[in-house]
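Here are my notes for you to read alongside the model. Keep the 3D view open and click on each residue as it comes up.

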Amino acid sequence: MAARVGGGGMKQAIRLYTTIKKNQFILALALGVLLAVVSVTSNLLWKNITMKHFSEQFGPVVFGIWIFVGATSVLNDQLKHLDTWLFTQNISRLQLFLTRVILLIVAPILISSLMDIVLTLLTEPKKMIDIISSDATDGVQFFFIASIMAFVYTLIGPIWMKIAAAIFMLVVPISPVTQFEKIDNIFGVKLFEHNDNLQILSANLIILAGAIIIFMIGGYLSTKISVDTVDEAVRIRHLRWPVIIFVFVSMYLTLMLETRSPINSGIIFKNMIIPAIMAVITFAFVFKPTFKLTWDK
C-alpha cells in the first residue's frame with residue numbers, strides 16, 4: 001500500500017485508532033489520576049517525609065507508565081492482527097505509524113507534563129521553573145527511548161524478538177543517554193554534564209534531533225514492510241546483515257567504553273568474544289541456517 005499522509009487520512013486514522021483503543025486510554029487516564037491523588041496527598045500530608053519527593057517526580061513517572069502501557073498495547077495489536085485490519089480501512093502503514101507516535105508517545109508526554117505543571121501550581125508554585133525544566137529533560141529522554149522502541153517494533157518480526165531487541169537496544173548501545181555522556185567525556189566536550197541551562201538545552205536538542213531522525217527512519221521503514229514478513233526476524237531483507245553487524249559493533253563499543261583498565265591487545269581481543277557470540281546467535285535467528293550431515297559420497 002502506498003505511503004500517504006493526507007490531512008483527512010490522518011484524522012481518520014487517529015479517530016479510528018482512538019476508538020479502538022478507548023479502553024486503554026481510559027485505563028491510562030485512571031492511572032494518571034490515581035498518581036495525581038497520591039502526589040497531592042503526599043505533598044499535603046507528609047511535608048517533612050521523604051515521600052514528598054514523589055510529587056517532584058510525578059511527570060516522569062506518569063508518562064513513563066503511559067508509554068509502557070502504550071508499548072504493551074501495540075505489541076498486543078500484532079497478536080490480534082490489528083495492523084492488517086486497519087489497512088483494509090484505507091489507512092496506510094505510515095499513517096498508522098504516525099498515529100501511534102502521536103497518541104501513544106507525544107500525547108502522554110504533553111498531557112502528563114501539563115498535569116505536573118497544574119499540580120505544582122496548586123501545591124508548590126515556587127518550584128515551577130525546576131519542574132518544567134525537569135519534565136522537559138525527562139520528556140525528551142523518554143521520547144528518545146520511544147523512538148528506539150518504535151524502530152524495533154517496525155523492523156523486527158515476532159513479538160518475543162521485538163522485546164529482546166528492545167532490551168538489547170536500551171541496555172547495550174543506548175542506555176539511553178549514558179553512552180552519549182561517556183563519548184562526550186572521552187572527547188572532552190562535556191556537553192552532557194548539565195552544569196548550566198545552556199548545556200541542558202543543547203543536550204536536549206541533540207537528543208530530540210536524534211529521536212526525530214530515528215522516528216523518520218522508522219516511519220520510512222514502515223512503508224517498506226509487508227504483512228507476509230511478520231514472522232521474519234528482520235522484516236526487510238536488505239537490513240539482515242546490517243542488523244548482525246550492528247549487534248557486534250554496538251556491544252563491542254559498549255564493552256570498550258566500560259573498560260577501566262588501560263587499552264591493550266589483550267583487552268581488545270577479550271572484549272570481542274561476547275559480541276562475536278551474540279552476532280553468531282543473531283545470524284542464526286535471522287538467516288535460520290540448516291546443516292545437513294551425510295555419509296553419502
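1. Let's begin with Lys21. If you skip the neighbours within four places in sequence, Lys21 is in contact with Ser73, Asp77 and Leu82. You'll find Lys21 in the loop between helix H1 (7-20) and helix H2 (22-45). Buried or exposed? Lys21 has 8% relative accessibility, so it counts as buried; the cut-off for that label is under 20%.

2. Now zoom out, and keep in mind that this is a predicted model. Of the 297 residues in the chain, 42% are buried. Take the contacts between residues at least 6 apart in sequence: 73% of them join residues at least 24 apart.

3. Next, look at two helices side by side. Two packed helices are described by the angle between their axes and the distance between the axes. Helix H4 (residues 58-79) packs with helix H7 (residues 128-155) at an angle of about 10 degrees, and their axes are 10 Å apart. That angle makes H4 roughly parallel to H7, because angles under 35 degrees get that label. Which residues meet? On the H4 side they include Pro60, Phe63, Gly64 and Ile67, and on the H7 side Asp135, Gly139, Phe142 and Tyr153 are among them.

4. Phe142 and Ile109 are 33 residues apart along the chain, yet their C-alpha atoms are separated by 8.2 Å. With a relative accessible area of 25%, Phe142 is partly exposed.

5. Tyr153 was on the H7 side of that helix pair too, and here is something else to check there. The charged end of Lys162 sits over the ring of Tyr153, 4.1 Å from the ring's centre.

6. Now follow helix H10 (residues 197-222). Its 26 residues reach 37 Å from the first C-alpha to the last, close to the 38 Å expected at 1.5 Å a residue. Several H10 residues are buried, including Ile200, Ala203, Ile207, Ala211, Ile214 and Phe215.

7. On to the rings. How many aromatic pairs are there? The count comes to 8. Phe97 and Phe215 form an edge-to-face pair, 6.4 Å centre to centre, with 70 degrees between the planes. Phe97 lies in helix H6 (residues 93-123) and Phe215 in helix H10, so this pair ties together parts that are 118 residues apart in sequence. Both Phe97 and Phe215 are buried. Ring pairs also link Phe97, Phe143 and Phe215 into a cluster.

8. One more pair before you close the viewer. The ring centres of Trp241 and Phe287 are 5.3 Å apart and their planes are at 45 degrees, so this pair is tilted. Trp241 is in helix H11 (residues 240-258) and Phe287 in helix H12 (residues 265-287), which puts the partners 46 residues apart and links distant parts of the chain. How do the two score on accessibility? Trp241 has 48% relative accessibility, so it counts as partly exposed. Phe287 has 29%, so it counts as partly exposed as well.

Definitions and conventions:
Residues are numbered from 1 along each chain as its sequence is written. This is a predicted model: local features need pLDDT of at least 70, side-chain atom pairs count only at pLDDT 80 or more; totals for chains, interfaces and linings use all residues. Side-chain values use heavy atoms; hydrogens and water are left out. Helices (H or I, at least four residues) and strands (E, at least two) are DSSP runs, numbered from the N terminus. The expected span of a helix is 1.5 Å times one less than its number of residues. Buried means under 20% relative accessible area, exposed over 50%, partly exposed in between (1.4 Å probe, protein chains only). Rings of Phe, Tyr and Trp (its six-membered ring) pair if their centres lie within 6.5 Å; planes under 30 degrees apart count as stacked, over 60 as edge-to-face and the rest as tilted. A charge sits over a ring if NZ of Lys or CZ of Arg is within 6 Å of the ring centre and within 35 degrees of the ring normal. Axes are lines fitted to C-alpha atoms, for helices over the stretch in contact, and angles run from 0 to 180 degrees between N-to-C directions. Angles under 35 degrees count as roughly parallel, over 145 as roughly antiparallel, 65 to 115 as roughly perpendicular and the rest as oblique. Contact means heavy atoms within 4.5 Å.
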